[in-house]
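This report describes a two-part subject: the build of one chain and the contact it makes with another. The sequence and structure are shown first.

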Amino acid sequence: MTVGKEWTEQSIQRIIDGLEHKPGAMLPILHAIQNEIGYIPEKAVAQIAESLLQTRAEVHGVISFYHHFRTTPPGKHTIEICRAEACQAMGCRSLEAHAKQSLGIDYHQTTANRQFSLEPVYCLGNCATGPSIRIDDDIHGRVSLDRFDELVASHQQDMKEVG
Amino acid sequence: MSQRIYIPCDTTALSLGADQIAEAVQQEIEQRDLDATIVRNGSRGMLWLEPLVEVDTAQGRVGYGAVSAQQVSALFDAGMLDGNQQHESCIGLVEEHPFLKKQQRLTFARSGITDPISIEDYIALDGFNGLKNAIAMQPQNIVDEVKTSGLRGRGGAAFPTGIKWQTVLDTPSEQKYIVCNADEGDSGTFADRLVMECDPFMLIEGMTISGLAVHATQGYIYLRSEYPVAHKLLNEAIERAYKAGYLGEDILGSGKRFDLEVRLGAGAYICGEETSLLDSLEGKRGLVRAKPPLPAIVGLFGQPTVVNNVLSFAAVPYILDKGGQSYADYGMGRSRGTLPLQLAGNVKQGGLVELAFGISLRELMEDFGGGTLTGKPLKAVQVGGPLGAYLPASQWDTPVDYEEFAAVGAVLGHGGVVMFDETVDMGEQARFSMEFCKVESCGKCTPCRIGSTRGVEVIDRIRSGENANANWVLLEDLCETMIDGSLCAMGGMTPFPVQSVMKYFPEELSAAR
Ligand SMILES: Cc1cc2nc3c(=O)[nH]c(=O)nc-3n(C[C@H](O)[C@H](O)[C@H](O)COP(=O)(O)O)c2cc1C
Ligand code: SF4
Ligand code: FES
């Protein structure tokens, strides 16, 4: 996911134009926009509504229904912690508590340096080797508290490298 | 020929460092100037051994697991490529491993052996034989073969697949659809994921056969967004299938058409329910539709639609290749064929176990699972996902069979088996069931939407000892109301795990009572 990428009305419209011919184009469009710029800006809602001949309220209704879509910019990396049963059996409740404490944020929040957003997730299909987390598109298994700290540190690092 | 070294590319192997191992292996190959090639295969399903590195030897494939990147150099030193089995992480000949040897793999026959996106590999191991047979058959005969197999939907409800296809075949329409439910939302399940990541052509073949059987020309795979690896591999496999003429307007020169596209969900458990899934595919909020009409008659965009789980479609190529009867020869009672079970949670040897119906839960957890990972006594097991009951020790001898499970108030669902050791707080688990329903309810009906919120509150009161007895009775009533008054199984089954805790672990829900 490329986060925080510059966008313009035109760049969003290009995404919509490329997909609106598909039957049931709404979700593909929302995914494509979020993939491109990290979230669905308010402006895009109006453009989608107009292109798909729906009301803005309808588009908002769809966005708010799905946990995956967001309407505010995320941090550079999104960390999702699996909260579901198989990971619970391997201690994800303490992992959650540790993550919130060490990042200093709760779920659905972003760290002050805008490096990390924290989200809950209900199963990553990695249930035989939990607890599991996802950082951007990478899934990690057997995440002990120490391993979590290591992963966070390695993602902090690439911020320094990139500057 | 250059010697092959296999390093899996499924989510679990990747989540434990398979890419780093591949890099390290490549480095060793270059530094030592060896004639060896890395193949990224699928997973064997022995997930506790991931990353499981295999090498071709004269005796067969020898495995090393669970390998870490730091160990790679030492493995080469220890003569890994000569099939030297002395290293501590060597598991010997992979196919002789008891975990695999004791299974009856029909659906997962190829998993881990092949490169998932190699059509050549797929064809070399019976791939597309079923499709070739189906092309030469009348639609009714394809449907009859599936009926003969006795296959029942593997997504949870266990409805006979052949009968569903018959309804779609018998409903006239210009446009019909094949929809694959790849939302796999249940915790503790990953068999769908393994199919899509380790043998995606099997799913493509199964859906194409389904299209031929009911005269549908368009298929959609509704895939959960939580599966980025499956998404990438599926898309790659579909593209290759198009290029090789297994999909598109003229399948293998038959003049028959079938198009296939992956659509991503967006993190909503309820979209695994088939009617909610259809609304979502249509671009709406994923609200559950009242049935009837059945999706088989009024489905996607109002047209007749086959909706089946990944594993249901994945069973079809075997059935059309070897015959429905040969599938039906496995199993017990009305549960025919094999079921891919998934061992998860606190388990020593977690992974995929495909077996004919009939094994007991205990054998599964002990003989295959090897007990808990922590080594502490097993206390409870949740089978069938978040809506399934927690089963205490007294129920572990239940055979894996749809009807036998129903008889003890449990569900087999999608075959997920989540094990908990004695440290689990069952009161906390009951609370989570209600909390999950609160987060994931589609909101259409009151018993589910409001009931789950009240459920969390009431359980909190019981747990803190506030009017515990009165609140216990209230919780009993609430569960009944949700079961009786909900439109779908989300609200209708959420009480099952809660009631199982009330019945089998009452002291843990309410120490204060
Ligand atoms: C709340 C809920 C969630 C469900 N989630 C899934 C799912 O993730 N995958 C699935 O295949 N079926 C799921 N189902 C079952 C589907 O509604 C439907 O029965 C299934 O897709 C039919 O395919 P099958 O006959 O091949 O099992 C769910 C049902 C409910 C009520
Ligand atoms: S039971 Fe829950 S999820 Fe199912 S239709 Fe009603 S509100 Fe929606
Ligand atoms: S329950 Fe956490 S990955 Fe499945």
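Chain B of this predicted model holds 22 helices and 16 strands, where helices (H or I, at least four residues) and strands (E, at least two) are DSSP runs numbered from the N terminus. Its radius of gyration is 24 Å, close to the 24 Å that the globule rule gives for 513 residues, so chain B is as compact as a globular protein of that length. The radius is taken over C-alpha atoms, and the rule is 2.2 Å times the number of residues to the power 0.38.

| Property of chain B | Value |
|---|---|
| Span of the C-alpha trace along its principal axes | about 75 × 60 × 40 Å |
| Accessible surface (Shrake-Rupley method, 1.4 Å probe) | about 17800 Å² |

Carbon and sulfur atoms account for 49% of that accessible surface. Of the 513 residues of chain B, 62% are buried, that is, under 20% relative accessible area (1.4 Å probe, protein chains only).

Chain A meets chain B through 38 residues of chain A and 59 residues of chain B, contact meaning heavy atoms within 4.5 Å. The area buried between the two chains is about 3700 Å², with 58% given by carbon and sulfur atoms; buried area is the accessible area (1.4 Å probe) lost on putting two parts together, summed over both. A:Phe65, A:Glu85 and A:Tyr122 supply 18% of the area that chain A buries against chain B, more than any other three residues.

Residues are numbered from 1 along each chain as its sequence is written, and chains are lettered from A and ligands numbered from 1 in the order in which they are written. Local features need pLDDT of at least 70, side-chain atom pairs count only at pLDDT 80 or more, and totals for chains, interfaces and linings use all residues, while side-chain values use heavy atoms, leaving out hydrogens and water.

Definitions and conventions
Buried < 20%, exposed > 50% of the residue type's maximum accessible area, 1.4 Å probe, protein only.
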